[in-house]
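Me: I would like to learn how to read salt bridges in a model. Could you walk me through some?

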Amino acid sequence: MDTHLSSEDFERFGRRKLSPADLLAAGRHLAACADCARRAGESVDLERRGAAILRSLEGDHPDFDALSGYVDGRAGERESIALHIGHCDECRERVATLLDARRSLRAPLWRPALAAAAILATVFVTALLLHRPRAEAPAAIEHRTTVMPAAWVSAIDEARAQRQIDPPSVLTELRPPADALRGGDATKSHVVLQPVATVVESRTPAFRWHGLEDAATVSVYRGAELIARSPQRREGSWTIDRPLTPGGTYQWQLEIGDHVFPAPPAEVARFRVLDAAAATQLGEARRLFPADHQLIGILCARAGVRDCAVRELRTHVGLHPEDAAARDLLRSVEAW
Amino acid sequence: MEECGLVPCNDALLARFLDTRGDGDRDGAIEELFRIADPIIATVLARSRSASLRTDDAEDIAAGVRLRLLRRLDEIGQSEGESIARFREYVATLTFNAVHDHFRRRFPERARLKDRLRYVLGHDSRLAVWTVDARQIAGLRAWNGMVAAGNTPARGANALMRDARHPADALAAIFRAAGGPIALDELVALTAELWHVSDVAPAQEREVASAEDPPLARMELRQTLQVLWKQITILPARQRAALLLHLRDGEGGSGVAVFVFFGFATLEAIAAALDFTPERLAELWNQLPLDDLAIGTLLGVTRQQVINLRKAARERLAGRIQAFEKKKP
């Protein structure tokens, strides 16, 4: 098979319809021909099949009996199931279905006779109570627990009341013109970069890119000053080896031979490192309320750390699938 | 049910397994339990067989059930708090759940309805669901253990039966009208019609990565698969072979082709990972993915050892992939 591979060849390759000799020839051609390799990688259903592979290896999803037990509040695997549904949309939806079913059991169909009897009983008891001397209400018992700062309580209340969290202004400042990162160079329109237009929590973030065949060098700038440069990388990611300044705004680019992507000044990949005050606040929240994923998610969102916000709110929704307000918050942040 | 301390006693079928000393005895005992389990798994799958359940799907489901069973036996072997009171019923339930999970992705609305019905049947004092002859049967609690004899409501449905907001009352009305228990799958079909639940077309497989930013999601997926391939290449040889030869892509095909198409591995690299020549891999390619018996024959081990090898490989990979994903910015 010396000629380039056609769509039918790819189909036969994937569906195991090639003879052994043709298979070997096709495999050698794919290894040697960048164009055919690129076309193979763009197969429409390839990502679905890749996702299925990952799913098959990610560990077992809890089965019906386990999820039913979780909904019923039975012990056993409750903690591990809660963690699982924090990141598994499918299982989280199953739990929501079972919670609906449980609620339907709590609202049995009223029978008229029972309803009438209940009303009569209520009237009778109320009349009795109105004629009894009132007892003194017992003094409230004060329980000492970790008290959440009022500012955090307000942040949660406000977000839940609005059922959305708007992106902070810092993200607008960091955002490049629409499609600038992809439109400037038509040959690189498919390249995706991360982090872009976001706040990162780590002072040594990982830089990721996808869509480039060639080895690239990562350069990180603060203004015009070069802060760090990576060795040539093919893997599509590089973690900077020196800590960046909290609160600092940086831009980064990929250098491929003589070319730069994205091309400044019109197109820049900008991000900010979380400032010290916000980092301290998040650290305190995690220390004092490690299980309050809603709080941490909201604080991350307010600070512009989108990835943290999505991750924490997803975990909260996973643990509290009936919490519609939290689900709305998650959707609003995912939509940024 | 007899209690052994705080938990029900284990089924007498597990006696040899619980008494084993040393791996040799244990492997033999597990193989014996698998010989009991296999016909039950096959029967449930055969009764579930439809145009939507392909042969390779059934094999995939069966392999998953065996793996879950092996894990459960490990838990019982290690902890006195764990037990299987009725082994055959447990295997049937595992298989029902696995079949349900398989169809859930293709027919999500119907799967959701079935989950709802199962929950209500198991929690309303008037209702029950039980297993007879590898079939799940539903009905009034007083009928527990009876066989479903093609019962259906004799006349048209009344308002109570159509009231999806009160499923327990609706089911009780349906059963009274039918006069006897109904097979669970038939009950699902009946209530789907009464409550207007339908899947217009089989749903597409969900992406693992988030759908809110498709290019970013594709990037993350590819990078995770690339890391996965690298981790596979450093697994112990037999774990690697047990995993790769069995790997499925969710479309009935072999997962190893996906690594080739993504450009992470050549055919030669895959052959090397399997300790095959490229020619040997090419001969075997059209048979992939293989079932556990065939893999065992190739590797010179028992089927149960193949399951163990793949289980170990999956646990190792799952941990490493999770560690990789935690490092994402």
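Me: Is Arg165(B) buried or exposed?

Reply: Buried means under 20% relative accessible area, exposed over 50%, and partly exposed in between (1.4 Å probe, protein chains only). Arg165(B) is exposed, at a relative accessible area of 61%. Do keep in mind that this is a predicted model, where local features need pLDDT of at least 70, side-chain atom pairs count only at pLDDT 80 or more, and totals for chains, interfaces and linings use all residues. Side-chain values use heavy atoms, with hydrogens and water left out.

Me: Which residue does Arg165(B) meet in a salt bridge?

Reply: A salt bridge is a side-chain nitrogen of Lys or Arg within 4 Å of a carboxyl oxygen of Asp or Glu. Here the partner of Arg165(B) is Asp163(B), at 3.1 Å from N to O. Asp163(B) is buried, with 12% relative accessible area.

Me: Where do Asp169(B) and Arg126(B) lie?

Reply: These two form a salt bridge, their closest N and O atoms 2.9 Å apart. Asp169(B) lies in helix 7 (residues 167–178) of chain B and Arg126(B) in the loop between helix 5 (108–123) and strand 3 (127–132), so the pair ties together parts 43 residues apart in sequence. Helices (H or I, at least four residues) and strands (E, at least two) are DSSP runs, numbered from the N terminus. Asp169(B) is buried at 12%, while Arg126(B) is partly exposed at 30%.

Me: How many salt bridges are there over all chains?

Reply: The count comes to 35. One network links Glu90(A), Arg94(A), Asp101(B), Arg104(B) and Asp115(B).

Note on methods:
Residues numbered from 1 in each chain as written. Chains lettered and ligands numbered in written order.
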